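Biologist: I would like to learn how to read local features from a coordinate model. Could we take them one by one, general idea before the case?

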Amino acid sequence: MSIIWETGNFKRKKSKPDLQNKEEIDDDPLIILKTILLQEESNLIPVDQLGQKLLKKIGISWNKKYRKQYGPLRKFLQLHSQIFLLSSDESTVSLLKNGSLQAESDFQKKDQHLFQMHTSESPGLNDRNSCPHWFDINDSKVRPIKEKDIEQQFQGKESAYMLFYRKSQLQRPPEARANPRYGVPGHLLNEMDAANIELQRKRAECDSANNSFELHLHLGPHYHFFNGALHPTVSRAESMWDFTFDKRKTLGDLRQSILQLLEFWEGDLVLSVAKLVPAGLHVYQMLDGDNLTLCEMEIEDGEDIFVWNGVEVGGIHIPTGSDCEPVLINVLHLAASSQGEKCQQLVEAPRVFPSNAEVRAVLTALAMPVAVLFVSTTDSVGEENWVAIPEEDLKKTFREQGLGNGSSVLVQESKDDRSLLLRQGKWFTGASETSWLQVQNLCEVESEEKQVKISATVNTVVYEIRIKAIKELKLMKELAENSCLRPIGRNGKLLCPVPDSYTVKEAELKMGSSLGLCPGKAPTPSQLFLFFTVGSDVQPGTEMEIIVEETMSVRDCLKLMLEKSGLPGDTWHLRKMDWCYEAGEPLCEEDASLKELTICSGDTLLLIEGKLPLPGFLKVPIWWYQPGGPSGHWKSHQDQVDGTPSPSGVWTATSTQGAPGDLYAEASLRHVGDLEISEEATLLELKSQAMTLSSSDFVIPSPAFLRAWTLESKRPSRLLRTNLQQLKEYKLGRKTEICLEPLQKEEDLGPHDVVLRTQMRIPGKRAYAPHVDLVWDTACGWTAGSLRQRIAHFCSLPVEKIEIAKYFPEKFEWLPVCSWNQQITKRKKKKKQDNLQGAPYYLKDGDTVGIKNLLVEDDEDFSTVRDDLGKETQKQLTLGKQRSQETLRVQSSDVFSGVKTPARPRAPEASLSIHVGSFR
């Protein structure tokens, strides 16, 4: 039997639909849907995936083929409830048992009918002696064709080439039906499978490379606002997380992923575009539109995203937008001596101001009611000079005045006409006016003069200045071989010595600055002058000094510092002090040189007790939590806990009658030791090793009787579940502490289990009974109905006879948990799923849930006496803050008047280009 297969090289011919074979297509949607569900292992599938599988099976969507006749897919499933079973939220569908059996029989009957129809309508398929039939195999379909039509179809210049095949047997055996791999040799199948796997891998790599980008997440709870910008309260590594995400997904997907990542988050979660400026981190634009993709929102790779509640950080309202971007201004003004008189030395101090603030704010910050402001400009020759700002321009903003990051402003009181030469509105800083350095005698040798002025230029060598100072101070000549010059900082601290071979310019010394003549030689160019202190609490004047070679290893440097400080033992390590004057990251590479770790002269190193763990290991402080309640829990808010450490290292907590925390009285935390463990270890292994540290009266049969939490501010914070999960997947960090809570029975929490603290309200009293832990499985969703059913079953009460509410300890408020299936938003008219993880509940592990029995009490009040007292205290604190802000506003609104100065010359005109982004 011959078959024609036509493929088009020049012009492909499309066949018309075959009306004879159209009857073979099954148009019954009921049989198709049942067939799809039968192919699933559990006969259960989400409704959305059912529509996708239908499209994949018949090549056309439900809406295009069946909606006009049968209505929407969910409505069709509801109408056939005797066959299909929809879940309560109509998100999944399954076959009923009787429907499954009926579907299988229908499917077999339909298959048999189709087979008979094919064989009956195709004469000669079973008769090998019958006349041959021709089939036209086009690019899109196969149809029979008469022999006389072949010549007409495949003739002319536009005809494609023809391939002729002869098939030995047209009918395939039953086992070959729906099996495309039937009859293919094994080595070819293996080769195809390997090629398909490699192709899928390459596609996945290409897709990840083209559509994934990295975002820098800055967590609001790890920041505090001061000096006009946001600054991290911990190290940069802990306050900023690198997050890889698919840019084709929506903002809502990004928000949900971050919310799942931050299990400790409570309240609104707002994402804003931020930027690191010289003053710190500034928030610009709040991201809105959960249905928009990240590409449509023009979020770029490496964008800084600030995660916060959208209002405040640490109780301080955060200004946002480009209008109030903080600018770092260098403010120069005359310094006052200890006697209160003005000297000729200028003090330069960086200050931060909002760009939309008036320039007059500089005078307010310096508490100078009358003064003249000068800005630094450069003339056509390139010489730097100062131009006075007219009094009427003081009302302009820093942006309008053209002042940005790094701009310099000179403040001079109008009554002071000494030392600074003011001519025609310009103050020149040439070498002829300020060409000296002040040297103070800080050697342990008395002299007639305590300080002298040494004339110098930018090219003067430091050695010459030191020798002149020794002569004018009339000190011993022996100091010429054993002394050095050290700059004096603004706070009076002696800075790193200046090498004698440097010039004033190379040493970055400013004319008019003060130097101290100190005993001891200055370090050579190959040496480092370092400050170091013991502990992380750096107090002024407690730093020690040491000079080491820059090629010295960290281990040898640590030994020298321990010898100089007189500390015994080898359980110490070094940390570099960060810019916040706090302990930064440890110097882990003890064999690396100081130069390789970019340690420079003048840096401060901290000697911290405790040996560093090996690479890939964590040193985790372990605390033992001994609750006073039936199951063991902690207090719910700060006012209810008066935590004080006992001499034995135990932190205890007391409570107040009537508050939700009554049942947690006499809870305590006891530090049992530090545990060094590999990051590859599991949570179960950590519990097992921690049991060896404990010497408490509790008898723990196995690690399954322990519940692990992270500890923050001496309180359990984040629940660590899944005993077989590795510690590195929890992203604990180097400063994380673990709290272990003993349980009365074994517990193995799964990834969907949530631990809640339930309290039954006492009828007739504004108080609650002792708490009981409740484990809620959220695998079927974080819905209010599911939670109510779980609590009702737990309390052995009817669902309709209970009311529940979540407690917000920071607000002293109870929020009733309403049960609803769907709600429709007014703007977009879309169904919003009930999810207690989102607003306004933000439910998480450890939350307190109050339960009210409507059979004995039907009022709507969940609050306690303690809540009333807490709200009153918060109200008084708010009023106090408002009074303080009002006082500050009145003080800052004073009008300062100064001496009139020459008008500021107009700047030359320059071209302006404006870039407008695409919003399509």
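**Reading the features**

Modeller: Start with Arg466, which lies in helix 13. Helices are DSSP runs of H or I with at least four residues, strands are runs of E with at least two, and both are numbered from the N terminus. The model is predicted, so local features need pLDDT of at least 70 and side-chain atom pairs pLDDT 80 or more, while totals for chains, interfaces and linings use all residues. Residues are numbered from 1 along each chain as its sequence is written, and side-chain values use heavy atoms, leaving out hydrogens and water.

Biologist: Is Arg466 buried or exposed?

Modeller: Buried means under 20% relative accessible area, exposed over 50%, and partly exposed lies in between, with a 1.4 Å probe and protein chains only. Arg466 has a relative accessible area of 2%, so the residue is buried.

Biologist: Which side chain makes a polar contact with that of Arg466?

Modeller: A polar contact is a pair of N or O atoms within 3.5 Å; within protein, one must be able to donate a hydrogen and the other to accept it, and residues adjacent in sequence count only if both atoms are side-chain atoms. The partner is Asp500, at 2.8 Å.

Biologist: What does helix 13 pack on?

Modeller: Take the sheet itself to begin with. Strands of a sheet pair through backbone hydrogen bonds, either parallel or antiparallel; here two strands pair if DSSP finds at least two bridges between them. The sheet is open, with four strands in the order 25-24-27-26 and mixed pairing. Strand 25 (451-455) and strand 26 (483-487) are its edges, each pairing on one side only. From one strand to the next the twist averages 35°, where angles run from 0 to 180 degrees between N-to-C directions and axes are lines fitted to C-alpha atoms, for helices over the stretch in contact. Five bridges join strand 24 (residues 436-441) to strand 25 in the antiparallel sense, and Val439 has Val452 of strand 25 as bridge partner. Helix 13 (residues 462-472) packs on this sheet, touches strands 24, 25, 26 and 27 (514-519), and makes about 135° with the direction of strand 25.

Biologist: At what angle do helix 2 and helix 3 cross?

Modeller: Two packed helices are described by the angle between their axes and the distance between the axes. The axes of helix 2 (residues 29-38) and helix 3 (residues 47-58) come within 10 Å and cross at roughly 110°. Angles under 35 degrees count as roughly parallel, over 145 as roughly antiparallel, 65 to 115 as roughly perpendicular and the rest as oblique; this pair is therefore roughly perpendicular. Ile32, Leu33, Thr35 and Ile36 of helix 2 meet Leu50, Lys53, Leu54, Lys57 and Ile58 of helix 3.

Biologist: Where does the backbone stand out?

Modeller: Lys474, in the loop between helix 13 and strand 26, has a positive phi near 55° although the residue is not glycine. At 59% relative accessibility, Lys474 is exposed. Asn227 also has phi near 55°, but with a relative accessible area of 47% this residue is partly exposed. Finally, Ala839 and Pro840 are joined by a cis peptide bond, with omega about 0°.

Technical notes:
Contact = heavy atoms within 4.5 Å.
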